[in-house]
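Morning, everyone. Here is the structure for today. Please take a look at it before I start.

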Amino acid sequence: MFDWRYAWDTLPALGAALVVTLQATAGGMAIALVLGLALALARRSQRAWIAWPAGATIEFVRSTPLLVQIYFLFYVLPEAGLRASPLVTGVLALGVHYAAYCAEVYRAGLESVPRGQWEAAAALNLGRFRTLAAVIVPQAIPPVVPALGNYLVAMFKDTPLLSAITVVELLQTAKLVGAERFRYVEPLTLVGILFLVLSLVSAAGIGWVERRLQSRH
Amino acid sequence: MQPILRLRGVTKAYGAVAALAGVDLDVPPGEVVSVIGPSGSGKSTLLRLLMTLDRPDAGALEIDGESPWIMERGGRPVPADERHLRRVRGKVGMVFQHFNLFPHMTAVENVMEAPVHVLGMTADDARERARALLLQVGLEDKADAYPAQLSGGQKQRVAIARALAMRPKVMLFDEVTSALDPELVGGILALIRELAASRAMTLVIVTHHMAFAESCSDRVVFFDGGAIVEDGPPEAIFRQPRLERTRRFVQAVLESR
Amino acid sequence: MLDMLPSLLRGLAVTAGVTAGAAALAVVAAVAAGLARASRARLLRWPAAVYVEVFRGTSALVQLFWFYFVLPFFGVELPAFAAGVLVLGLNTGAYGAEVVRGAILAVPPGQRDAAAALNLGRLQTLRRVVLPQAWPAMLPPAGNLAIELLKNSTLVSLITITELTFAAQLARAQTLRSAEIFGVVLVLYFATALVITGGMRLLERRAARGLERGGR
């Protein structure tokens, strides 16, 4: 029933598509990690005109569907005069969407830093920026690395949504290959297995990182 | 008369830690036995095995002449089925150090639960019996309170009433006053003393309170390192222990008062 | 803009239908798999573990396409709506199973000891002692999963179900007013998410009342 020969033949195409998928994940995560931290810090600001929009953005982006956000950027950016390839648009959408999730993770990390650290920094007359950069953030991040890792895996599993805006990642490739011979079983199953194997491996990796971090404390 | 509890060479380890190392013990029906010993000596494990919460790794354990884990079928021993285990288990009741009351039920509901769902009593009969038991432990006005609204001593009284409601032949008490504020301890000990005096059932009491153990037990068993070190009437264990180890433990506990 | 609204609202109704149907299936799957994973019987644990790992480890959209395009080869032709509800339900149910299992395991072991000491049977212990205490702990994560499900419902637009995102695409193709249409659609999803969150908070409060008088 399962045509192994055919499956084997599709592997090169899937391999190339995997590269695109990984590029999208890496790019998206890079944006999410940085933007997420910025949003989390902004939300903690004493100035309401910074804190409130940051909070609202996080809530809105977290509660609305990624696919609609992808479509929004895909159609609206060109109208605003910004031409970008589908891949770049997709990476941007993934990055912004997951920045909202990462912001919540960072928030938990920041809140877990003991009050005494802030007070010690104040006693040493360190400015706000220095306090954050040298004292608080370095302590806030290690405990939340596993949670960030989980979002990395989640983003990886969301990359097929980019097929809706013609990015030729794994799912889109499987559909194209399958359409050639009108036989979808093998390519789609292979893609499914690829995702499963990669996310199980990543989950194990994250567990390893988590244990390493715990043993340090 | 056949012992109601019999252990032969009972061994139990949790991972690499040996909690019980070859315990032999016979308890005749109606006896009040106090079990004393340092922390980690295996006393709680002993009670858990007697309550069939855990199973021995080796050795024989019999409750009222039957093993909870092995039954006879056609004259040959086979692993026990659920029905057999529960039948044997029903002869034993236990009161825990941390009460373990069901937080989502009121006091009277806690006491009614097992009689209704295990003994098949009607809710009305069970409720009547529950209220009578709560009266017996001095909590009739707290019948409709939830555990969170009760003090530690009150919770433990409900726990005792709950265990009594099943009319077990053997009652196990696992350091039931250790989690209580000092001023509440006396009340619980008095309750247990009443139960002991009534001679209605066999009691096995793990306790740190030596004066209490001396005053109401028929027999004291000293546990250390997972085995019984010395076993005898209270006067012997507390006043004239045979072994140096026993003497040292008793002295240390008396001095710490 | 206003003339677009009726078709968008029709799409929203389909979104609600898909979400509700999948949610019902997810609850059943989550409870069944969660209980199975928390059980002591290997025969129950392993199939449940496979179900959970497969559905959590693969992409929801890939699962959707697989059920819609591959199953026909095995003789099972599912209409798009059924495929959508089935896949989303099973996908969310896999995540829900972990929530159920975690909540059950979080009930203090002393409670099981007390139930055993009272000679309650295994099923009775589960029904009368463990589940009533596990239930309030399941609700906050379940609320998050409900929002995730709402967001995942957009995926079925890619297998031609005419829910809200599909309707938005149609409207955009007709009027080319992308920013307005997708902006409105985002707001509609946000409003729906708020309704779901509100509903879950009500449930949480009702469940907490059962324990609240009892507290912890």
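Read chain A along its sequence and the pattern is α-α-α-α-α-α-α-α. That is eight helices and zero strands. Keep in mind that this is a predicted model.

Now the dimensions of chain A. Take its C-alpha atoms along the principal axes. They fill a box of roughly 70 × 50 × 25 Å.

How much of chain A is buried? Of its 217 residues, 38% are.

Next, contacts in chain A. Take those with a separation of 6 or more. Of these, 77% are between residues 24 or more positions apart.

On to chain B. Which elements does chain B have? Nine helices and eleven strands. Its radius of gyration is 19 Å. The globule rule gives 18 Å for 257 residues.

What does the C-alpha trace of chain B span along its principal axes? About 55 × 55 × 35 Å.

Burial in chain B comes next. Here, buried residues make up 45% of the 257 residues.

Last, the contacts in chain B. Consider pairs at least 6 apart in sequence. Among those contacts, 65% join residues at least 24 apart.

Let me recap. Chain A is built with eight helices and zero strands. Chain B has nine helices and eleven strands. Buried residues are 38% of chain A and 45% of chain B. And once more, the model is predicted. Thank you.

Note on methods. Residues numbered from 1 in each chain as written. Chains lettered and ligands numbered in written order. Predicted model: local features only at pLDDT ≥ 70, side-chain atom pairs only at ≥ 80, totals over all residues. Helix = DSSP H or I, 4+ residues; strand = E, 2+ residues; numbered from the N terminus. Buried ≥ 20, exposed ≤ 12 C-beta atoms within 10 Å, placed from the backbone. Contact = placed C-beta atoms within 7 Å. Rg over C-alpha atoms; globule rule 2.2 N^0.38 Å.
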